[in-house]
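Here are my notes from a pass through this one, in the order I'd look at things on screen. Have the viewer open while you read.

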Amino acid sequence: MFEKALTGGKKYWLWIFALLFIIVIAVFAYAKQYSYGLGITGMSRDVSWGLYISQFTFLVGVAASAVMVAIPYYLHNYKKFGRIVILGEFLAVSSVIMCMLFIVVDMGQPTRVMNVILHPTPHSMMFWDMCVLFGYLLINLVIGWTTLGAEKKGFPPPEWVKPIIYLSIPWAVSIHTVTAFLYAGLPGRHLWLTAIMAARFLSSAFAAGPAILILLCLVVRKLSTFDAGHEAIQSLAKIVTYAMIANVFFYFLEIFTAFYSNIPEAKDPLIYLFFGLDGYSKLVPLMWLAAVLAFVGIILLVIPKTRKNESILPFALISVIVAAWIDKGFGLVMGGFVPNPMGHITEYTPTPTELMITFGVYAIGILLVSIFYKIVIAVREDNPDPMH
């Protein structure tokens, strides 16, 4: 079916070559980082995770969000998601690949990733994170490609794929839960030392991920004859609404616990994020922007009139996505390092090299999404009434 991705108009090929151009620039930037070392980034001894790991953390949630389409469709026979579920699976594949690439570029010696495979350490959360990510990638590739291939032939998916589909549901939850445990298991970082870290991760994932999927459906509808359906989009928008409300609620729980307990180590990271600490305040504007966008997104989605208006809906979804991206990236990751266990403050600013590499990884992910969706659309146009 890959031949279907090799056909397209002038705009399609301009888009593909633009992404490839960004990827080439990123490869040169990464070659520079590989030659010089991570000293070329903005990371330091006190801030050992930066832009790369923050994007990994966010994209794990995007990958896990595919389950919010799979559960209603496969477990509850909600047929309205029939045209959107395959898009969710291929979005998950692209997101997991980006996650893995961000881990690779964050390593000073990427070849050492083989040590995780050659010398497994079951007591390490990183070992389990590798297992669940790689497993989830294979699961979604098998499900997506098999169901699409069956659809191309006009047949329902084979019976053997159903157990794999059911397995993908708890597996999707596991990838974000294990990633949350990477943070929650570090006792020296009080912002991360919380029992509801996994719950926060899942709620933000089930908000931002489906929001991205809806935006992609709207773009696909505009650029092709493929339509995910108004009812499917609205149902998914409701999931985004409830998940974002839960995400904000969990954040308030963290704020209450920190300030009501009046423990300085628990309060200081939150004070730094929203008000600045000891004259350091780089993240304050971003965090307040995230807070405003979170409430704007929730309000626009809660009100039926604005949620059903597809001219306003994209703005609500973008607000949710950006709010979650700032919170899980800059707020959670960078905020967790301030202050350090000794009480010192070291702020972090990504360098141009980091930014170029990050853009390149995203370009690879967008390229994969573009190719996968091009194939899906071509198959659906050949088979307008697919069997499920």
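1. Keep in mind that this is a predicted model. Glu-159 is exposed, with a relative accessible area of 56%.

2. How many salt bridges does a search of the whole structure find? The count is seven. Arg-200 and Glu-254 make one of them, with their closest N and O atoms 3.6 Å apart. Arg-200 sits in helix 8 (residues 197-223) and Glu-254 in helix 9 (residues 230-261), so this pair ties together parts 54 residues apart in sequence. Buried or exposed, these two? Both Arg-200 and Glu-254 are buried.

3. Another salt bridge joins the side chains of Arg-221 and Glu-310, at 2.5 Å from N to O. This one links distant parts of the chain: Arg-221 is in helix 8, while Glu-310 is in the loop between helix 12 (304-308) and helix 13 (313-335), 89 residues apart. Arg-221 is partly exposed, at 26% relative accessible area, and Glu-310 is partly exposed too, at 23%.

4. Glu-151 deserves a click. Its place is in helix 6 (residues 125-152). With a relative accessibility of 6%, and under 20% being what counts as buried, Glu-151 is therefore buried. Glu-151 and Arg-380 are 229 residues apart in sequence, yet their C-alpha atoms are 8.1 Å apart in space.

5. Now the inside. In soluble globular proteins, nonpolar side chains tend to be buried together. Here the largest nonpolar core has 124 residues, and the members touching the most others are Leu-213, Ile-214 and Tyr-373. Helix 8 contributes the largest share of this core, 16 residues. Which residues does Leu-213 contact, leaving aside neighbours within four places in sequence? They are Val-69, Ile-84, Leu-87, Gly-88, Leu-91, Leu-236 and Tyr-373.

6. The largest pocket holds about 1,000 Å³. It is lined by 31 residues, and Trp-15, Leu-216, Val-219, Leu-223 and Ser-370 are the closest to its centre. Helix 14 (352-382) is among the helices that supply at least two lining residues, as are helix 1 (10-36), helix 2 (51-64), helix 4 (85-106), helix 8 and helix 13. The largest share, ten residues, comes from helix 14. By class, this lining has 22 nonpolar, six polar and three charged residues.

7. What is the volume of the second largest pocket? It comes to about 620 Å³. Of its 23 lining residues, Ile-103, Met-107, Val-113, Met-126 and Met-130 lie nearest the centre. Helix 6 gives the most to this lining, with six residues. Helix 2, helix 4, helix 5 (113-118), helix 6 and helix 7 (161-184) each supply at least two. By class, the second pocket's lining has 18 nonpolar, three polar and two charged residues.

Technical notes. Residues numbered from 1 in each chain as written. Predicted model: local features only at pLDDT ≥ 70, side-chain atom pairs only at ≥ 80, totals over all residues. Heavy atoms only, no water. Helix = DSSP H or I, 4+ residues; strand = E, 2+ residues; numbered from the N terminus. Buried < 20%, exposed > 50% of the residue type's maximum accessible area, 1.4 Å probe, protein only. Salt bridge = Lys/Arg side-chain N within 4 Å of Asp/Glu carboxyl O. Core = buried A, V, L, I, M, F, W, Y, C linked by side-chain atoms within 4.5 Å. Contact = heavy atoms within 4.5 Å. 1 Å grid on protein atoms, 1.4 Å probe; cavity = no way out; pocket = protein on both sides within 12 Å on 5 of 7 lines; lining within 4 Å. Points joined across faces, edges and corners; volume = space filled by probe spheres on them. Nonpolar A, V, L, I, M, F, W, Y, C, P; charged D, E, K, R; others polar.
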